[in-house]
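Visitor: I would like to go through this model with you. Could we take it piece by piece?

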Amino acid sequence: MRRGFYLKLAAEGISKNRKFYFPYILTCICMVMMFYIVAYLSMSADFSAVFGGDMLQSMLGFGVFVIAIFSLIFLYYTNSFLIRRRQKEFGLYNILGMGKRNLVKILLWENILTALFSIGAGLVSGILFSKLAEMAAMKILGGKTGFMIHVALQPIVWSVLLFFAIFLLIMFRMVFSIFRLRPVEMLRSESTGEKPPKANWLLALLGAVLLGSAYYMAVAVLDPMTAMVLFFLAVVMVILATYFLFIAGSVVLCRLLQKKKNYYYKTKHFVSLSSMIYRMKRNGAGLASICILSTMVLVTVSSTICLFVQEEDGVNKRYPQDIFMRLGTAGGTALNEEDTAPYINAVEEILAEHGEAAENLQDYRMYSMDVYQDGADFQIDLNQVSQIGMGNGEIRSVYVIPLEDYNTISGSSAELGDNEVFIYPYKMNYDYDTVDFEGLGTWKAEKLDTEPFCIGEADANALGSLFLVVKDISVMDQMCEVKNESLAGEWTSSIQRCYGFDLACGDEKQSEIYNGIMERFTSMDSGVSWYTESKAQSRAEYVALFGGLFFLGILLGAVFLFGTVLIMYYKQISEGYEDQNRFDILMKVGMSRKEVKQSINSQVLTVFFLPLIAAGVHMAFAFPLISRILKLITMRTDENVFLLVTVCCYLVFALFYVIVYWVTSKSYYTIVSAAKKDR
């Protein structure tokens, strides 16, 4: 054969099957483009100069791994549609005298052409759009970047190597399928499996059990840490259950609909249901893939948007004051004003230098410790927790201040007896009128309506905290002694002085003041231990974390959306060609075009919206679990906001789903009625 013969056949094969190849190539281009963009941003030098850029790049590094794995699985899976469609053509070539080695050469050239064009166009698109993505990421971080497009060699090498390996794996799969099948089997490939499948009740039951167990875990687990651990197990269980139920359960559904005479014995349902039941196992796998990808889109986009829109609220809750500091002494020794006065004076001097004054000042003494709560009892010695049983209670943080400081902060004149305390449970339920601390006795507890003082650390504790107002400083001394005895010299705790305030200036000047305080404290040589935090500087970290997650969520959501659309398209197109001869025969025996269209709508509507409904059910049951995980990440997530965002995302996705359904069902109808039009 002359040179270029196989290349010409490969090019003609791609052109003749463009309804299958062009969407596939377009998706390959999009995958290469998205991978390059994420890889480029994960190592972009421009981010190094922006505060929080390193955190964003670490998250994007995770995104590189996710897109690589998804590209491998997804392109390998969707290529099966192409193989199935081309097998009949290759079977005909084989019968006409072309050996399987010659067929492999055609496939090799097709794969080379697809790979070269996809990788080349994907890299060009990625380079062009990488600047747009970089500008969007910089906007989120609050940084600035120029308009110059940079071409990074390392992301290009990564992209070429990854997708070359994927196309090589796909090629091996194609070669294996060619050598495995006989010519007659290839000719009948589109009719393979056309016998009524048996309803696999065992597989359907297993799927139902797995799904029910995963749903129960999502609803029953209350602890955020446990929710994080069980999330991945629940995801695997839901994926397996979805495939089992769609593959086996869809057959069971068709069987049940067949037995329903008032539904089955109607023209539009009879033809469509009879056609569907023959290929429901393979059809079910496609529907399950659509459902899983749809759920991934909804979970990724809704959760990251929720984090992003609550970013400022999270900053304000974690850092209730613009500048906050804790001053203490090492070794458990008592703290007095003489120890801390130089530090407070230094703060006042720095504020005066910048022409600012402390606003909403809170100056109080506080003792904090971790305890184990079991009902109204609080175990101070955590070494004894294993003896009580971890399943009966929770580890809590307790923050204690004296009544004198509480009255100063709140401007009240409250009084407490010897065995009385004020309590304020934060992010925890407490329905008791007493508190009992180990070694300190039982106190009558009166609940406060608001937090008695500002301490952002309480918001950072996902397990909940208890604010405690005691009669005087001597009670705090007793608590400190009991705690230090339980520590047995490992380390010692002490009463600390907390000093926090707000400033009327902007974030930039607040950062200057905070840096001045840090420098002054560092230069002071004394036995006082100190800790400081600034809302202005910490805000940048929040922006980097939640903005980065939002940016990555949008990118991954777009990738999963590509997969959803392509599987939906291939499902409709491939089934259209399979049903073409059936509907051609039905139209020959008198079935009208109107009845054909009704039958097609019935067939598509019977199963096509099942993935969307199932994805909605998955999201509904996953909502409590995801909400707890978000609380663990942000320490404070408004469930109402998350619910609103999730519902809006589902409605928008459902609208998009309907549009894709309308376009693909129209293509399906065009294909199945094409034979009749040609006559």
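Visitor: Where does Leu26 lie?

Guide: In this predicted model, Leu26 is a residue of helix 2.

Visitor: And is Leu26 buried or exposed?

Guide: Leu26 counts as exposed, because its relative accessibility is 51% and the cut-off for that class is over 50%.

Visitor: What is the distance in space between Leu26 and Ser118?

Guide: From C-alpha to C-alpha, Leu26 and Ser118 are 7.4 Å apart, while 92 residues separate them in sequence.

Visitor: Staying with helix 2, where is Ser42 found?

Guide: Ser42 belongs to helix 2, which covers residues 18-42. Ser42 is buried, with a relative accessible area of 17%.

Visitor: Which residues does Ser42 touch?

Guide: Leaving aside residues up to four places away in sequence, Ser42 touches Gln57, Leu60, Gly61 and Val64.

Visitor: Let us move to Glu12. Which helix holds it?

Guide: Glu12 sits in helix 1, residues 5-16. Its relative accessible area is 32%, so Glu12 is classed as partly exposed. The C-alpha atom of Glu12 is separated by 9.5 Å from that of Glu110, a residue 98 positions away along the chain.

Visitor: What about Tyr669, buried or exposed?

Guide: Tyr669 counts as buried, because its relative accessibility is 17% and buried means under 20%. Tyr669 is placed in helix 21, residues 639-672. Between the C-alpha atoms of Tyr669 and Gly576 there are 7.3 Å, and the two residues are 93 apart along the chain.

Visitor: Now the chain as a whole. How many helices and strands does it have?

Guide: The protein chain has 22 helices and ten strands. It contains 679 residues, and 51% of them count as buried.

Visitor: What share of the contacts comes from residues 24 or more positions apart?

Guide: Taking the contacts with a separation of 6 or more, 83% are between residues 24 or more positions apart.

Visitor: Next, the largest pocket. What space lies in it?

Guide: The largest pocket holds about 1600 Å³ of space. Its lining consists of 46 residues, and those nearest the pocket centre are Phe231, Val235, Met296, Thr300 and Phe560.

Visitor: Which elements give two or more residues to that lining?

Guide: Those elements are helix 3 (53-95), helix 7 (201-220), helix 8 (224-259), helix 11 (280-309), helix 18 (535-588) and helix 20 (610-634).

Visitor: And how do the lining residues divide by class?

Guide: In the lining of the largest pocket, 38 residues are nonpolar and eight are polar, with no charged residue.

Visitor: Another topic: at what angle do helix 13 and helix 17 pack?

Guide: Two packed helices are described by the angle between their axes and by the distance between the axes. For helix 13 (residues 337-353) and helix 17 (residues 507-523), the angle is about 145 degrees and the axes are 10 Å apart. The crossing of helix 13 and helix 17 is right-handed.

Visitor: Which residues make the contact?

Guide: Helix 13 brings Tyr343, Ala346, Val347, Glu349, Ile350, Leu351 and Glu353 to the contact, and helix 17 brings Ile513, Gly516, Ile517, Arg520 and Phe521. By class, this contact between helix 13 and helix 17 has eight nonpolar residues, one polar residue and three charged residues.

Visitor: Turning to helix 15, which of its residues are buried?

Guide: Helix 15 covers residues 403-410, and Leu403, Asp405, Tyr406 and Asn407 are buried there. The buried residues of helix 15 pack against strand 2 (359-374), strand 4 (394-402), strand 5 (420-426) and strand 8 (465-470).

How values were computed
Residues are numbered from 1 along each chain as its sequence is written. This is a predicted model: local features need pLDDT of at least 70, side-chain atom pairs count only at pLDDT 80 or more; totals for chains, interfaces and linings use all residues. Side-chain values use heavy atoms; hydrogens and water are left out. On a 1 Å grid over the protein atoms alone, a cavity is a set of points where a 1.4 Å probe fits but cannot get out, and a pocket is an open set with protein on both sides within 12 Å along at least five of seven lines; lining residues have an atom within 4 Å of a point. Grid points are joined across faces, edges and corners, and a volume is the space filled by probe spheres set on the points. Helices (H or I, at least four residues) and strands (E, at least two) are DSSP runs, numbered from the N terminus. Ala, Val, Leu, Ile, Met, Phe, Trp, Tyr, Cys and Pro count as nonpolar, Asp, Glu, Lys and Arg as charged, and the others, Gly among them, as polar. Axes are lines fitted to C-alpha atoms, for helices over the stretch in contact, and angles run from 0 to 180 degrees between N-to-C directions. A crossing is left-handed if the near helix is turned anticlockwise from the far one by less than a right angle, and right-handed if clockwise. Contact means heavy atoms within 4.5 Å. Buried means under 20% relative accessible area, exposed over 50%, partly exposed in between (1.4 Å probe, protein chains only).
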